[in-house]
Every structure is written in C-alpha cells, then in structure tokens.
Amino acid sequence: MLNNPFKVNVMVTKLIPMTMDNCAALIIQDQKYCYFRKAVHFWAQQALLPAVVAVGVVGNMLSVVVLTREPMKSSTSTYLTALAVSDLFYLLFVFTISFENYPWIVEADYYIYWKWYPYGLWLTDAASNTSVLLTVSFTVERYIAVCHPLRGRVLCTESRAKRVILMVALFCIACTATTPHEWHIAINPATGKFQKSSTELGRNDIYKKAYNWFCIVTFICVPLLVLAVLNWFLINAVNQSRRNRTRLTCQVSNYSATTAQSYAKSDLYAVGRVRFSCRT
C-alpha cells in the first residue's frame with residue numbers, strides 16, 4: 001500500500017530544525033518570561049501585599065475600637081467586632097506566610113518560621129472561613145430582626161451572638177485541622193536549605209477531592225445561596241415598608257388637609273354667627 005504523500009508532507013512541515021538561531025530565540029523568550037514573572041512576583045508579593053495588609057490592619061483595629069464602646073453594645077456590633085477580628089487575623093497570617101516568597105527565608109537559620117509555616121496555613125484558612133460564616137450569621141440575624149421583629153427581641157441578643165461566634169470559630173478550626181498534615185518541611189541535604197513537600201495525605205487524590213469539594217460546598221456555595229435568598233427577602237421587606245410608609249404618609253396628609261378645611265369652615269361659621277349676633 002502506498003503511503004499518503006499529503007500526510008508525509010504535513011508531518012515534515014511540522015518539524016522545525018533546532019538551529020542556533022532557534023535556540024537563541026527560545027532563550028530570549030525564556031529570559032523575557034522569567035523577567036516578567038519576577039517583576040509581577042515582586043510587585044504583588046513584596047510591594048502591594050504589605051501595603052494592603054497595613055491598611056487592612058489599621059482599618060480593622062479602628063473598627064474594633066469603635067464597635068466595642070459602651071454606646072455601641074448590641075448583637076449587631078458583636079458580630080461586626082468578631083468579623084473585624086477575624087479579618088485582622090487573616091491579614092496577619094497571610095503576611096507571615098508571604099515570607100516564603102523572599103529568597104533569604106529558605107536558609108537554615110529560619111527554623112522557627114518553617115515549623116510555624118504549616119500551622120500558619122491552617123490558621124489562615126480557618127480565619128478566612130470564619131469570616132465567611134460570620135457574614136452569613138450576621139445576615140441571618142438581620143433577616144430575623146427586620147422580617148420577624150417580635151422574634152428578634154428574643155433571638156437577637158448579645159449573649160446569643162457570642163455563642164454563635166464561638167461555635168463558628170471552633171467549627172472552622174476543626175474543618176481545616178488537616179491542613180498542617182498536608183506539608184512536610186525539611187532541610188535539603190544537597191543545598192542545606194529548607195524545602196517544603198507534600199506528605200502522603202497531601203498527595204492522596206481521594207482526600208484532596210473530598211476536602212476541596214467540602215470546602216467549596218460549605219464555605220462558598222451554601223453561604224452564597226443563603227446570602228442571596230436572605231438579602232432578597234430583606235430587600236423586599238424594606239421596599240414593602242417604604243411603600244407602607246408612603247401610603248400612610250399620604251393618608252395622614254389627606255386627613256390633615258381635610259381636618260384643616262373643616263376647621264377653617266367651622267371658624268368661618270363661628271365668626272359669621274358672632275357677627276350676626278352682634279348685629280341683632
């Protein structure tokens with residue numbers, strides 16, 4: 001059987017000979033890519049991240065100071081204070097983890113940092129998830145207070161808010177407790193520097209899929225669904241209250257105008273009677 005000449009020509013045209021010019025072009029492209037990656041890495045991790053963390057830390061600390069004052073004491077301020085503290089911890093933990101992007105941190109002198117690193121990842125995930133569930137808890141309380149005000153006086157209390165915050169924090173810490181066991185930190189004998197690698201648990205496909213799906217459903221899908229539904233009810237309740245207030249205002253205005261007209265007619269009638277009596 002004769003070979004297909006078209007197929008041979010196509011395969012031949014796809015083969016590019018590796019000449020010195022082609023190698024030089026590839027080296028230049030790799031150098032440009034490495035330079036671009038280093039520039040982005042520097043501005044994102046070593047310049048912008050510390051600035052964002054500094055602004056976030058100052059803002060959250062001011063929020064905690066304002067919300068913990070005596071006139072602000074309420075269940076709402078308790079949730080907002082816990083949310084500010086959770087965000088504050090998240091920013092601090094992210095900042096400590098970002099040290100791994102500095103080239104000097106891999107030296108053997110920074111033993112304490114690399115022992116802290118897996119637990120820093122754990123607490124970062126826990127703080128992030130706590131902020132998400134605290135936002136959901138605050139939205140649930142706001143829904144009860146607006147749409148069911150009578151129940152809100154019983155359910156939306158400061159002590160109950162503190163218990164909910166404690167349960168949310170413990171739940172998020174427990175759900176991410178396996179994170180430190182996913183990483184192994186050791187000194188590379190060849191280089192004498194610290195090197196991180198995945199443990200057997202971190203490389204287990206079943207564990208990774210189950211954990212990732214659990215986090216996606218628990219901390220992304222369900223919170224988004226709850227927030228969307230409850231905020232939709234809140235928006236409808238606010239709009240309904242606004243329409244009722246407008247209708248009541250119009251009724252009061254009409255009643256006031258009618259009353260004023262009747263009072264004016266009565267006054268005119270009384271003045272007329274007085275003048276008639278004086279004439280007689």
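Analyst: A residue is called buried when its relative accessible area is under 20%, exposed when it is over 50%, and partly exposed in between, with a 1.4 Å probe and protein chains only. This is a predicted model, in which local features need pLDDT of at least 70 and side-chain atom pairs count only at pLDDT 80 or more, whereas totals for chains, interfaces and linings use all residues. Residues are numbered from 1 along each chain as its sequence is written, and side-chain values use heavy atoms, with hydrogens and water left out.

User: Why is Lys196 called partly exposed?

Analyst: The relative accessible area of Lys196 is 33%, which falls between the limits for buried and exposed, so Lys196 is classed as partly exposed.

User: How many salt bridges does a search of the whole structure find?

Analyst: The search finds four. Among them is Glu158 with Lys162, where the closest N and O atoms are 4.0 Å apart; both residues lie in helix α6, four residues apart, about one turn of the helix. Glu158 has a relative accessible area of 29% and is therefore partly exposed. Glu70 also forms a salt bridge with Lys73, at 3.7 Å between the closest N and O atoms.

User: Is Glu70 exposed or buried, and why?

Analyst: Glu70 has a relative accessible area of 60%, which is above the limit for exposed, so Glu70 is called exposed.

User: What makes Trp213, Ile216, Val217, Ile220, Val222 and Leu224 a patch?

Analyst: Patches are made of residues with over 30% relative accessible area and no salt bridge, with like charges joined within 9 Å and nonpolar side chains (Val, Leu, Ile, Met, Phe, Trp, Tyr) within 5 Å. The six residues form a nonpolar patch on the surface and together have about 570 Å² of accessible area, a quantity that comes from the Shrake-Rupley method with a 1.4 Å probe, where for residues only the protein chains shown count as cover. Val217, placed in helix α8 (residues 205–279), has 40% relative accessibility and counts as partly exposed, so its value is above the patch limit.

User: Which residues touch the most other members of the largest nonpolar core?

Analyst: A nonpolar core is a set of buried Ala, Val, Leu, Ile, Met, Phe, Trp, Tyr and Cys residues joined through side-chain atoms within 4.5 Å. Of the 14 residues in the largest one, Tyr79, Leu133, Leu134, Ile165, Val168, Cys172 and Phe219 touch the most other members. The elements α3, α4, α6 and α8 each give two or more residues, and α6 supplies the largest share, five residues. Contact means heavy atoms within 4.5 Å, and on that basis Phe219, leaving aside neighbours within four places in sequence, is in contact with Asn129, Val132, Leu133, Phe171, Cys172, Cys175 and Phe214. A second, separate core of eight residues includes Ile105, Tyr113, Leu121 and Phe194.

User: Which residues does Leu80 touch, not counting residues up to four places away in sequence?

Analyst: Leu80 touches Leu67 and Phe138. Leu80 is found in helix α3, and at a relative accessible area of 31% it is partly exposed.

User: Where is confidence lowest in the protein chain?

Analyst: pLDDT is the predictor's confidence in each residue, from 0 to 100. The mean is lowest in helix α1 (residues 5–14), at 42, and highest in helix α6 (residues 158–175), at 95. Over residues 1–16 the pLDDT is below 50, and beyond near neighbours in sequence this stretch has one contact in the model; residues 263–280 are likewise below 50, with zero such contacts. Where pLDDT is low, the predicted coordinates should not be read in detail. The protein chain averages a pLDDT of 79, and 74% of the residues score at least 70.

Technical notes:
Salt bridge = Lys/Arg side-chain N within 4 Å of Asp/Glu carboxyl O.
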